[in-house]
Amino acid sequence: MTSEITYAEVNFKTESKSSGTNSKSLSDPKKKTSPHRSNPSFPKLLLTSLLIFLLLLAISFFIAFVIFFQRYSQLKEKKTLKEPIPRFVECEKSNWTMGEKDWSCCPKNWTSFESNCYLISTTSVSWDKSEKICSETGAHLLVINTKEEQEFIIQKLNENYAYYLGLSDPEGKNQWQWVDQTPYNESVIFWHEDEPNNPAENCALLLFRPTTKKWGWNDIPCSEMQYSICKMKKIYI
Ligand code: MMA
Ligand code: CA
């Protein structure tokens, strides 16, 4: 904002200066036709106005360059925030290849299963916040696609805690949605008995129930502070 105002001021100055020069140069031809031929201040004036013009041009270029550089670095910053590439990765050689890329990698300290990486987060935050934290690393809250995937994940979890999934029912109409747009498939659901049970509980989590000695899903209010699990696709190099 400020830089645009400065630019407008410079333009204004340029105009007023050049209009001043014009009026002088307009008066100069008159002098030439007049009987007093020799006017020693004329070349000096021309040189001065030329210098001023060049100076203003240089300043304008400089300001334009500064604005451009600022915008460019802002753009670059936004890009890096949107799609962060993990600084450290751990890779293993795949027994099958993705074209030329035969190493599959997960960010350091994430666990890997099939073609995905998982991070079990032990900070208690709301559902929205946990999804935000996952997405900042290029991941999503856990979307469970198969029974095998859930079986793999639960053996990494603590039975005394519950973990947010990427599953919500925003309108409380029992229309459950996965965060990555995976269709909600009734044949791959693992709700605990009698769950989901409350239209005011719009977010799902994975927890252990000692009564049935089973891991399963429950719906709870999205504002509850809970642990969570992030999931992202492996990176192939
Ligand atoms: C809690 C809460 C609910 C859940 C019931 C099951 C009392 O509420 O976790 O989401 O459905 O327990 O008894
Ligand atoms: Ca419930």
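Start with the salt bridges: a search of the whole structure finds 7, each a side-chain nitrogen of Lys or Arg within 4 Å of a carboxyl oxygen of Asp or Glu. This is a predicted model, where local features need pLDDT of at least 70, side-chain atom pairs count only at pLDDT 80 or more, and totals for chains, interfaces and linings use all residues. Residues are numbered from 1 along each chain as its sequence is written, and side-chain values use heavy atoms, without hydrogens and water.

Select Lys 234 and Glu 92. Their side chains form a salt bridge at 3.9 Å, N to O. Lys 234 sits in the loop between β10 (226-233) and β11 (235-236), Glu 92 in strand β1 (residues 89-98), so the pair ties together parts 142 residues apart in sequence. Strands (E, at least two residues) and helices (H or I, at least four) are DSSP runs, numbered from the N terminus. Lys 234 is buried at 11% relative accessible area; Glu 92 is partly exposed at 44%. Buried means under 20%, exposed over 50%, partly exposed in between (1.4 Å probe, protein chains only).

Next, select Arg 209 and Glu 195. This salt bridge spans 3.0 Å, N to O. Arg 209 is in strand β8 (residues 203-209), and Glu 195 in the loop between β7 (177-178) and β8, 14 residues apart. Glu 195 is buried at 13%, while Arg 209 is partly exposed at 21%.

Move to helix α3 (residues 127-136). Glu 136 and Lys 132 are 4 residues apart there, about one helical turn. Their side chains meet in a salt bridge at 3.0 Å, N to O.

Finish at Phe 53, in helix α2 (residues 41-82). Phe 53 is partly exposed, at 43% relative accessibility.

Note on methods:
Chains lettered and ligands numbered in written order.
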